[in-house]
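Thanks for coming. I have one structure to go through today, and I will take it piece by piece. Here it is on the screen.

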Amino acid sequence: MSKNKSKNKFFRLLSYSGNYKYLTILGCILSALSAISLLIPFIYIWDVVNALLVVAPDFSKAQNLEYYAFNAFFYALLGIVLNFAGLMCTHLSAFRNERNMKDAALKHLLNLPLGYFSNHTSGSLRKIIDFSTSKTEGFLAHQLFDLIGAVVTPIAFLALLFSFDWILGLICLIPIILCFLFMIPMFTGDSQNFMIEYQKYLEEMNAEAVEYIRGIPVTKAFQQSVYSFKNFIKAIKNYGKFSSEYAFSTQLPMTAFTVSINGFFALLIPAGILLAGSVIDIKFLSNFIFYIIFTPICAVMMNKVMMVSQDWMIASNALDSIDEILSQEPLAEASNPQKPNNHSIEFCDVIFDYEKNESGDKHILNNINLKIDENASVALVGPSGGGKTTIASLIPRFWDVDEGSIKVGDVDVRDISTKELMENISFVFQNTTLFKDSIYNNVVMGKKDATRQEVLDALKLAQCEDIIDELPNGVDTIIGSDGTYLSGGQQQRIALARAILKDAPIIILDEATALADPENEYMIQKAISEITKNKTVVMIAHRLSTIKNVDKIIVVDDGEIVETGSHDELVGLNGLYSRMWDEFNQTIQWKVKSEVI
């Protein structure tokens with residue numbers, strides 16, 4: 001991306017069109033020709049006025065009126081045809097540009113480590129890709145085309161200004177110069193960062209609006225509507241404050257620009273009266289009428305230049321958003337990929353930080369040394385934020401370690417191809433992702449070449465039969481359609497069926513029962529017992545009752561392994577795990593007592 005960054009931003013945008021970029025160039029040329037063609041009728045209109053003034057008041061003697069009228073019509077029609085052809089070219093190129101930009105972003109996302117998606121939700125990525133590509137498509141298809149015409153028109157106008165009356169031409173030039181002078185401050189300096197800040201505040205407001213609407217049932221049930229509205233109203237106020245501050249900052253230049261763009265007549269008419277003097281000069285009068293007719297067109301073009309400049313700021317910011325995705329470096333693939341010898345897992349002096357730690361002080365993970373034998377079951381427990389999920393996420397290379405190594409089957413995971421590593425690991429997390437598709441298609445993703453019977457068997461082993469029986473079309477029911485929604489526990493069981501079908505030798509379970517009610521938790525536990533048979537299992541759980549019988553319990557606190565052993569061994573140590581076990585027992589023994597008042 002460093003090479004691309006060195007390119008001019010416009011050419012960087014245009015490069016996504018591939019060979020279709022020549023259509024953009026052709027479209028811009030046609031826009032310029034169209035703008036010139038649409039100016040020529042005004043010259044013939046001036047010829048008509050001049051021919052009439054020469055013979056006034058006997059207008060019947062006017063000559064060549066039909067010729068002037070025909071030429072005016074011809075060039076007007078030619079301008080429209082060129083305009084249409086140019087728009088067709090820019091649209092074809094813009095559509096290809098949008099497709100290629102989306103394609104590049106999505107393909108790059110497929111190569112990024114899974115850890116990237118932990119910090120970037122699918123909703124935010126989708127908004128970036130959809131919004132950014134649509135804005136750049138709009139700029140290339142419409143605004144760029146308009147910009148060329150809007151720029152060519154004043155340039156052609158300058159040539160015409162001095163071809164009739166140079167004094168009136170100079171007078172008309174003054175508002176154009178003033179327009180540019182007042183427009184520059186609105187699109188340079190701090191104003192260039194406006195769109196970035198504007199999008200940030202707009203996204204915050206939209207996100208809070210969505211959260212507020214989603215939470216209405218809960219807030220009404222607990223009578224907390226005022227408090228739930230607090231974040232939303234704060235986002236609205238921040239957006240309003242920022243927009244107001246920017247609007248006031250551009251108040252003076254925008255007012256001056258508006259006055260200038262409409263100031264042609266304010267200068268032209270008094271100047272015309274003074275220059276005409278007491279003697280009526282037919283030639284001067286006809287020239288003066290030409291400027292009166294022509295100058296409003298230039299004012300419209302100047303206004304377009306300003307609007308397109310704003311659109312370019314939006315498109316430029318959108319391009320930066322896409323570039324931000326493309327600048328993310330994928331994890332390096334093994335140059336000489338090796339296959340694991342078995343399905344054991346070993347952490348050797350692992351140090352890890354999500355962001356580069358320049359100070360070298362405390363790390364997210366500190367000198368983690370851990371050996372998990374093949375077909376053994378291990379549970380990671382400890383206080384929230386201690387590093388359990390981070391340890392589990394490093395095994396399938398969500399991120400790469402900063403120091404040390406992680407080995408699967410005595411081979412460093414960095415020396416195993418991504419495809420091979422993914423084939424050996426299944427993971428089920430607390431936040432399950434199911435697509436708006438049939439249950440069958442959601443499960444078969446675990447093994448693309450699975451037969452229908454294999455999918456049904458996996459659903460049965462995952463204790464999903466009661467879910468399937470309640471759905472209108474069984475396994476072919478589309479999740480989220482016609483009011484068909486699954487609870488968190490039901491979604492978790494579907495995800496477990498997917499993992500069962502994949503039948504990977506290493507299983508990672510991160511809080512698989514966290515969102516389940518007691519009934520679903522029981523079913524999930526039965527499904528987990530099926531998925532973990534003869535597998536290497538890494539399990540993260542806060543409900544300590546679910547991990548009593550694992551082979552080894554690893555207690556993680558503040559990025560370090562503080563205790564290791566079986567349940568009975570750790571309880572006997574009277575350490576952190578023993579305290580956690582006592583607290584857990586107190587919570588499950590707690591009962592709500594009713595009192596009669």
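To start, in which helix is Tyr239 found? Tyr239 is found in helix H10, residues 225–249. Before going further, the source: this is a predicted model, where local features need pLDDT of at least 70, side-chain atom pairs count only at pLDDT 80 or more, and totals for chains, interfaces and linings use all residues. Residues are numbered from 1 along each chain as its sequence is written, and side-chain values use heavy atoms, with hydrogens and water left out.

Back to Tyr239. With a relative accessibility of 18%, Tyr239 counts as buried; buried means under 20% relative accessible area, exposed over 50%, and partly exposed in between, with a 1.4 Å probe and protein chains only. Tyr239 lies 35 residues from Glu204 in sequence, and their C-alpha atoms are 8.5 Å apart.

Now the overall picture. The protein chain has 22 helices and ten strands. Helices (H or I, at least four residues) and strands (E, at least two) are DSSP runs, numbered from the N terminus. Of its 597 residues, 45% count as buried. A contact means heavy atoms within 4.5 Å. Among contacts in the chain with a separation of 6 or more, 78% are between residues 24 or more positions apart.

Next, the annotated spans. An unreviewed UniProt entry gives "transmembrane region" for residues 20–47, 67–92, 144–162, 168–187, 256–276 and 288–306. UniProt positions are in the numbering used here, feature names are shortened, and annotations may be inferred rather than shown by experiment. In the model, residues 20–47 are 96% helix and 0% strand, with end C-alpha atoms 42 Å apart. For residues 67–92 the span is 100% helix and 0% strand, and the end C-alpha atoms lie 38 Å apart.

Thr24 sits in helix H3, residues 21–55. Is Thr24 buried or exposed? Thr24 has 1% relative accessibility and so counts as buried. Apart from neighbours within four places in sequence, Thr24 is in contact with Leu14, Thr90, Ser93 and Leu144.

Helix H7 covers residues 166–183. H7 has 18 residues and reaches 26 Å from first C-alpha to last, close to the 26 Å expected at 1.5 Å a residue; the expected span is 1.5 Å times one less than the number of residues. Buried residues in H7 include Leu168, Ile171, Pro175 and Cys179.

On to the strands. Two strands pair if DSSP finds at least two bridges between them. Strand S1, residues 345–352, has six of its eight residues buried, so S1 is largely enclosed by the rest of the structure. S1 pairs with strand S2, residues 365–372, in the antiparallel sense over five bridges, and Ile345 stands opposite Ile372 there. S1 also pairs with strand S4, residues 403–408, again antiparallel and over five bridges. On that side Glu346 stands opposite Lys407, and Phe347 stands opposite Ile406.

S4 in turn pairs with strand S5, residues 411–412, in the antiparallel sense over two bridges, with Val408 opposite Val411. Two residues lie between the strands of this hairpin, where Gly409 takes a positive phi near 60 degrees.

There is also an open sheet of six strands, in the order S6-S7-S8-S3-S9-S10, with mixed pairing. Strands S6 (425–428) and S10 (560–565) are at the edges with a single partner strand each, so one side of each has no neighbour in the sheet. Neighbouring strands here are turned by 15 degrees against each other on average, direction ignored. At one end, strand S9, residues 552–557, pairs with S10 in the antiparallel sense over five bridges, and Asp557 has Glu560 as its bridge partner in S10.

Helix H19, residues 488–502, lies across S6 and strand S7 (506–510), at about 175 degrees to S6. Axes are lines fitted to C-alpha atoms, for helices over the stretch in contact, and angles run from 0 to 180 degrees between N-to-C directions.

Last, helix H17, residues 452–461: its buried residues are Val455, Ala458 and Leu459. Seen down the axis of H17, they fall within an arc of 100 degrees, so they line one face of the helix; the arc is that of the directions from the helix axis to the C-beta atoms. These buried residues pack against helix H16 (439–444), helix H18 (465–470) and H19. Just after H17, Gln463 takes a positive phi of about 60 degrees.
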